[in-house]
Amino acid sequence: MNQQEEATSILFKRHGDLHFANLKYGYVVLLLSLLYLVYELVVGYKFTRTLKDNGNRRNIWAILHYASPLKKVFVWLVALTVLELIGVFHYHDKPGLFLKRLGRMAVALLPLDIIIAFRPSVVLFQNYLDLISVHRWLSRVILLFSFLHSIGFFIKWIVEGNPHFLLLKCDIAYILLVAFVVLFVVSIKPVRVANYKTFFIVHTLVVGMFVGLIQIHAKPGVLWYVVACSILLAYQLFVTFFCLCRTKSDSIEDNGGDLSVISIDRRGLPIPEDQLLPHLRISADFTSSWRKFHKILYPSHPYTIASYDEDHFHLIVSNKNRFQWDATPVYHLSTILYTSPLIAPTMAESINNAIIIVAGSGISMGIPLYHLLSSNTEANIQLVWILRNKADVYILKRFGVKGANVHITKETEESQSNVVQDEEFEHFLTDKNDTELQDLDPATNLPDDHLEAELKRDLETDLDPHVSSSSEGNKEEETPEKTIYSFGRPKIIDIIENYYSSCQPSSQRWVFSCGPQSLVDDVEDAVDLSNDGKLDSDKIFFAKEVYSM
């Protein structure tokens, strides 16, 4: 008996004729992965083509494109569960067969999980932001199957009266299991948001560890899966770290509020004409000194370009951001700019009625979108900004926004003291030259009386520079739209209904929203409520971009 025959004989004694029984299930998962990528490609192409033709977001391709990541992953989970249960009645006395199948399918899912997380996306006609949520949930499926695979074997050995196997089989599996537990804990949303750097480092190290060690653990081996994943990760590393240029922040504007305006050296990066509302990614410097090389593991940070000129990109960032900006350090700027999925070039030319609802640093998307749509002089465009601190209102003037609807949800004595005294508030003037504040919902938290009085004094004594004075014999010049300020949390449905009551019923109407998940969900619910019972021709189109980690 030669060496190969001897090895086969040993395997047969240990596993019978089932040692290679699960190989085909890994191949089926690979085939399903390929079909899923083709599906995303076709949907993205058809959706993009539809937008270019007529800007329609209510056809079947739009429905498929905007399908919830949970729905997509649910379909995956159903398909994988069906594969897992094949033969369960015939081999009900061999639980190890099905536990191994779980592990093999988890490994077979990994190439797809890596591909859909690429920055920028390699799936044509799909944006990185469109697929990242699918990546998150698919990663959780991989973790789930890995947990079930590991815990299942522990239970199997104990039930079969072989608890000593827990020690005899103490190999790479335990290392991977501990790594998966740590990754699961840091990926829970509250933990991830509070410690995103820790999550990102753990995530990167665990993926590398899994790809590097799984071949040692898996039997039969998974060499080709490991090779495929290694090539994909090497490609991502190349794109991430070799498509960088060094830059620096030339100025930081901070008015004492929650937001700052950062101007960074553009380094001559071009922006294609068809790339609307571009994003960039900034990472900490890790090449200037060997002491900084560990920062190569740190996450890069995405920012929407609020505006740009020949030499600079101008960003609006939250002062609570854990990525600390300074006017002196060097940063790495990705030479690849990312296009927002919010709007297509041909849509911008055809939209005549739109309301843009943003919150906090979401104004960084709201401002360029407002300017883009307002370039059509006949368009009826409104910008609604919900913010906490009135000191941040200077950003509207800084970026040339002449009219907006601003809702200040919270003010404190500390924030009042931070407001520059000569800040120029644009305001809506009545015939009596009084500041007109919108009616507030009595259920909202109204500001203190002295605060409201102080704001009124500010507005009345700090006349809008866009208001032209008139004297006897001189004709009053036409004035641009004024910004309206109000306190308290607005009712989104009232904003939408009031705005579109002034639009022509047959005209195409849009709502855009950008900001935290809670805001975007509220706006989407309000749009659905507004569309309820209306004819398709009267319904509102909705587009969103969520700022979250």
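Colleague: Which strand does S2 (residues 259-265) pair with, and over how many bridges?

Modeller: Keep in mind that this is a predicted model. Here S2 is joined to strand S5 (residues 312-318) by 7 bridges, and the two run antiparallel. For one spot to look at, find serine 263, which sits opposite histidine 314 in S5.

Colleague: What closed arrangement of strands runs through S2 and S5, and in which order?

Modeller: A closed barrel of 6 strands, in the order S1-S2-S5-S4-S3-S6, with antiparallel pairing. From one strand to the next, the twist averages 45°.

Colleague: Which strands of that sheet does helix H13 touch?

Modeller: H13 packs on the sheet and touches S2, strand S3 (279-284), strand S4 (301-308) and S5. Its direction makes about 35° with that of S4.

Colleague: Is H13 largely enclosed or largely open?

Modeller: Count the buried residues, taking buried as under 20% relative accessible area. In H13, 9 of the 12 residues are buried, so the helix is largely enclosed by the rest of the structure. Among them are Ile363, Met365, Pro368, Tyr370 and Leu373.

Colleague: Which strands does the chain link through H13, and with what handedness?

Modeller: Start with the strands. S7 (residues 353-359) and S8 run parallel, joined by 7 bridges. Valine 358 has tryptophan 385 in S8 as its bridge partner. The chain goes from S7 through H13 to S8, a right-handed β-α-β crossover.

Colleague: And why is S8 described as largely enclosed?

Modeller: Because 7 of the 8 residues in S8 (residues 380-387) are buried. S8 also pairs in the parallel sense with strand S9 (residues 405-408), over 4 bridges. There, leucine 387 has isoleucine 408 in S9 as its bridge partner.

Colleague: Let's move to helices. What describes two packed helices?

Modeller: The angle between their axes and the distance between those axes. Take H4 (residues 69-85) and H5 (residues 95-115): their axes come within 10 Å and cross at roughly 145°. H4 passes H5 in a right-handed crossing.

Colleague: Which residues meet where H4 and H5 come together?

Modeller: From H4, look for Trp76, Leu80, Leu83, Glu84 and Leu85. They meet Phe98, Leu99, Arg101, Leu102, Met105, Leu109 and Leu112 of H5.

Note on methods
Residues are numbered from 1 along each chain as its sequence is written. This is a predicted model: local features need pLDDT of at least 70, side-chain atom pairs count only at pLDDT 80 or more; totals for chains, interfaces and linings use all residues. Side-chain values use heavy atoms; hydrogens and water are left out. Buried means under 20% relative accessible area, exposed over 50%, partly exposed in between (1.4 Å probe, protein chains only). Two strands pair if DSSP finds at least two bridges between them. A crossover is right-handed if, with the strands pointing away from the viewer, the path from the first strand over the helix to the second runs clockwise. Axes are lines fitted to C-alpha atoms, for helices over the stretch in contact, and angles run from 0 to 180 degrees between N-to-C directions. A crossing is left-handed if the near helix is turned anticlockwise from the far one by less than a right angle, and right-handed if clockwise. Contact means heavy atoms within 4.5 Å.
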